[in-house]
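Try each task yourself before reading its solution.

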Amino acid sequence: MPIMNWDNSLDIGVKAMNDEHHGLLDIMNQIYDAHAGGKRGATINALVAKLGDACTAHFAHEEAYMQRIGYPGFNNHKALHTSLLMRYGAFAAQIRAGGGLASDEFFQFLKFWLSSHIKGIDTKYAAHAVGAAR
Ligand SMILES: [Fe+2]
Ligand SMILES: [Fe+2]
């Protein structure tokens, strides 16, 4: 059972970024399903690393997009990405140190930041993109 499903409240109106957000959600659900199915160790560590890589790539794409559309909130948004990646890295290290055991706290963090960042932060550059060249 997925920890979180896609719904229209996550649609920011920029297809390329929606697609990437979908991808992040998929990997997050893969980690959750593996964990709930009793997986530990290398399987979990590999999925956690995969999500970290996907987030890093997504944030870089998003930052390039924001620059392309001349989004004035670029610096703040980039700083939020940097801090998310640091927190993610700390969770990933903790999971590795615990033998690939993902914690409830990790899933709460993922669920909260994925939805709140997309709905509260990503929507702002998307609103700016309306009227700007996509
Ligand atoms: Fe995003
Ligand atoms: Fe973002």
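Predicted model: local features only at pLDDT ≥ 70, side-chain atom pairs only at ≥ 80, totals over all residues.

Residues are numbered from 1 along each chain as its sequence is written, chains are lettered from A and ligands numbered from 1 in the order in which they are written, and side-chain values use heavy atoms, with hydrogens and water left out.

**Exercise 1. Work out the fold and overall dimensions of the protein chain.**

Step 1: count the elements. The protein chain has four helices and zero strands, in the order α-α-α-α along the sequence. Helices (H or I, at least four residues) and strands (E, at least two) are DSSP runs, numbered from the N terminus.

Step 2: check the size. For 134 residues, a compact globule would come out near 14 Å in radius of gyration, and the 15 Å of the protein chain agrees. That radius is taken over C-alpha atoms, and the globule rule is 2.2 Å times the number of residues to the power 0.38. The C-alpha atoms fill a box of roughly 50 × 25 × 20 Å along the principal axes.

Step 3: look at burial. Of the 134 residues, 41% are buried (under 20% relative accessible area with a 1.4 Å probe, protein chains only).

**Exercise 2. Find which residues hold the iron ion (ligand 2).**

Step 1: list the donors (N, O and S atoms within 2.8 Å of the metal; water is not among the atoms, so sites may look incomplete). Glu62 (OE), His77 (NE2), His81 (NE2), His117 (NE2) and Asp122 (OD) coordinate this ion at 2.0 to 2.3 Å.

Step 2: read off their spacing, which is E-x14-H-x3-H-x35-H-x4-D.

Step 3: look for a partner metal. The iron ion (ligand 1) is 3.6 Å from the iron ion (ligand 2), and glutamate 62 coordinates both.

**Exercise 3. Check the length of H3 and see what H3 packs against.**

Step 1: do the length check. At 1.5 Å a residue, the 24 residues of H3 should span 34 Å, and the 35 Å between its end C-alpha atoms agrees. The expected span is 1.5 Å times one less than the number of residues.

Step 2: pick out the buried side. Among the buried residues of H3 are His77, His81, Leu84, Tyr88 and Phe91. An α-helix has 3.6 residues a turn, so residues three or four places apart point the same way.

Step 3: find the neighbours. The buried residues of H3 pack against helix H1 (15-36), H2 and H4, where contact means heavy atoms within 4.5 Å.

**Exercise 4. Classify the ring pair of tyrosine 65 and tyrosine 125.**

Step 1: apply the rule. Rings of Phe, Tyr and Trp (its six-membered ring) pair if their centres lie within 6.5 Å; planes under 30 degrees apart are stacked, over 60 edge-to-face and the rest tilted. That gives nine aromatic pairs.

Step 2: classify. Tyrosine 65 and tyrosine 125 sit 5.7 Å centre to centre with 65 degrees between the planes, making the pair edge-to-face.

Step 3: Tyrosine 65 belongs to helix H2 (residues 42-68) and tyrosine 125 to helix H4, so the pair ties together parts 60 residues apart in sequence.

How values were computed. Donors = N, O, S within 2.8 Å, 3.2 Å for Na, K, Ca; no water. Buried < 20%, exposed > 50% of the residue type's maximum accessible area, 1.4 Å probe, protein only.
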